[in-house]
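Welcome! Take a moment to look over the sequence and the model below, and then let us walk through them together.

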Amino acid sequence: MTKGRNAAISLASVAVFVFLWHVGGRLELFSPLLLPPPGEIVDSAAEMLTEGYRQLPLWHHVAVSMGRVFGAFIPAVLIGVPMGLAMGLFPVLRAIMDPFVQFFRPLPKLALIPLVILWLGIGEVSKVFLIFISALLTILVGCAAAAGGTDQGRLRLGRALGATDRQLLRYIVFPGALPEIFTAVRLAVGVGWTTLIAAEMVAADTGIGWMVLNAGSYMRTDIVMLGIILLGLTGYILDMVIVALQKVVVPWDGKS
Amino acid sequence: MDAPAAEAAACCRTEGRIVFDRVAHSFPGGSGGSVTEAVADFSLEIEQGSFVCLLGPSGCGKSTILNLAAGFERPSGGRVLVGGRPVTGPGPDRGIVFQDANLLPWRNVLKNITLGPELAGRPWEETLSAARRFIRLTGLEGFERHAPYELSGGMRQRVALARAWITEPPFLLMDEPFGALDAQTRLSMQELLTSVRQVTGATVLFVTHDVDEALFLADKTVVMTPRPGRIRQEILVPFPQPRDYERLILNPAFMELKYDILHAIRRPEYEI
Ligand SMILES: Nc1ncnc2c1ncn2[C@@H]1O[C@H](COP(=O)(O)OP(=O)(O)OP(=O)(O)O)[C@@H](O)[C@H]1O
Ligand SMILES: [Mg+2]
């Protein structure tokens, strides 16, 4: 009931915003060169759907960016989740890893670009690597906290029922950590998506991030805006997919 | 009787016993640095099949004693023997029930109850029929597929009881298992515990604050001193099992025992 109402309010709020933007453009309150009105962006979107940007269709740029994010993100989850859980469970491993994790995690990944280009070249590998590192660090930290924070009562329960170490991990620690693992993955998607722009600054000639930067240098603010809207919407949809998945996998989360 | 036979007899008598032999336990100090001496010189023998209630003022070390028997803590002095062997860690021979039901939220009622047998690798058919039996005993029929968050507090505690009972452990360690329940639910849980005990016959160590509960359930009540906890008084509860609560509380002998125990709990240290 309230959920449907809140969704309606959100939609209305967006509609009012777009309307004001449109009216502002009509009344020439701002220069269309600096802030193109929504209609113009829709026109450029239609144009780009048929003709593409720089010889490549729009969907191709979206697909390339998605490919980079997922190409980095899937290995980051596959490596980061078990490794992060292990860091949470074994203090020695944590002590070994922590200095590096804590050093690199807050480091702006843009600073790594020159090194990454020198080491890995300007191909796909360096772009995927940057996104991978950002996502991995976020997942490591989240999963280590999740495993380290396992409820003592649950651990005692498992032990008292005769669980071995391996069984504790499988029956108690892992399922209990799942909600936090999802949170870490969600954060990592945000971070990975952010790093995409940085990665596509590394001598790319495709991708939404590149399209935004490239169009900016030709003063095509309509295409810049279109790219920003695409980046935002795609991130939003990715997040909704993860939240939906979370509701299916851990339906009990948040219910005491 | 020759020596080996006497030894064998002694062995078998210890089989179902819990023995605390001059047990002491201290916790390392927190940020302050000073250690907390929780229990000191605590000696108690619990006979096979008997039901002992541990009473005492808050913070006197009742949970500590229970955790030592469970193997969650190692004594800093003395010995704890369960079934004749020193406790080296937790194990499935000792069923544990805490004040908090501690159900796993990602498992439904049935799967919470069957956790112990599953961990032990028991065949599912056998586990399921045992689970059905305890679901019936605890009155949880129809809720097998419910998630823990869909249950009331009393129902959750019944699941925790069934989970502890399903493997029929020879020892049950219970730390204020009904402390968070309302009076009616608590009484029906106590009756449930009494009736299941007739079937399984475990040795029980039961911590409670509630003197009525102790007198309804226990063969013997043990009152501890304030921290560091030692035994102030052991009181046998002479009423035959199984007991009827409504009759029991009208019994003048019950009133007298209740008075004695309350007095023993509340009496300040210097009066010993
Ligand atoms: N993990 C711990 N670390 C440090 N001190 C502890 C710890 N557990 C218990 N204590 C201390 O040991 C003493 C005994 O605690 P315990 O939990 O055994 O008391 P209790 O008799 O069960 O009390 P209550 O009736 O309130 O449950 C308390 O003073 C408590 O502060
Ligand atoms: Mg306690």
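## Where the two chains meet

The contact between the chains draws on 21 residues of chain B and 20 residues of chain A. Keep in mind as you look around that this is a predicted model. Together, chain B and chain A bury about 1,900 Å², and 67% of that area lies on carbon and sulfur atoms. On the chain B side, the residues that lose the most area to chain A are B:Trp106, B:Leu119 and B:Tyr149, which together make up 38% of what that side buries.

## Charged and polar links

How many salt bridges are counted between chain B and chain A? The count is one salt bridge. To find it, look for the side chains of A:Arg156 and B:Glu73, which meet at 3.5 Å, N to O. The interface of chain B and chain A also shows two residue pairs in polar contact, both at pLDDT 80 or more.

Which elements of chain B give two or more residues to the side that touches chain A? They are strand S6 (94-97), helix H4 (115-119) and helix H6 (153-165) of chain B. H4(B) supplies the largest share of that side, with four residues. Sorted by class, the side of chain B that touches chain A holds eleven nonpolar, four polar and six charged residues.

## Chain A from end to end

Now turn to chain A as a whole. This chain has ten helices and zero strands, so its elements, read from the N terminus on, run α-α-α-α-α-α-α-α-α-α. Along the principal axes, the C-alpha atoms of chain A fill a box of roughly 70 × 55 × 30 Å.

## Two kinked helices

Helix H4 of chain A covers residues 91-104, 14 residues in total. From its first C-alpha to its last, H4(A) reaches 20 Å, close to the 20 Å expected at 1.5 Å a residue. Even so, H4(A) has a kink of about 45° at A:Met97, shortly before the proline A:Pro99.

How far apart are the end C-alpha atoms of helix H8 of chain A? This helix, residues 165-200, has 36 residues, but those end atoms are only 44 Å apart. A straight helix would reach 52 Å at 1.5 Å a residue, and H8(A) falls short of that. Follow H8(A) along and you will come to a kink of about 50° at A:Leu178, shortly before the proline A:Pro179.

Conventions
Residues are numbered from 1 along each chain as its sequence is written. Chains are lettered from A and ligands numbered from 1 in the order in which they are written. Side-chain values use heavy atoms; hydrogens and water are left out. Contact means heavy atoms within 4.5 Å. Buried area is the accessible area (1.4 Å probe) that two parts lose on being put together, summed over both. A salt bridge is a side-chain nitrogen of Lys or Arg within 4 Å of a carboxyl oxygen of Asp or Glu. A polar contact is a pair of N or O atoms within 3.5 Å; within protein, one must be able to donate a hydrogen and the other to accept it, and residues adjacent in sequence count only if both atoms are side-chain atoms. Ala, Val, Leu, Ile, Met, Phe, Trp, Tyr, Cys and Pro count as nonpolar, Asp, Glu, Lys and Arg as charged, and the others, Gly among them, as polar. The expected span of a helix is 1.5 Å times one less than its number of residues. The bend at a residue is the angle between axes fitted to the seven residues ending there and the seven starting there.
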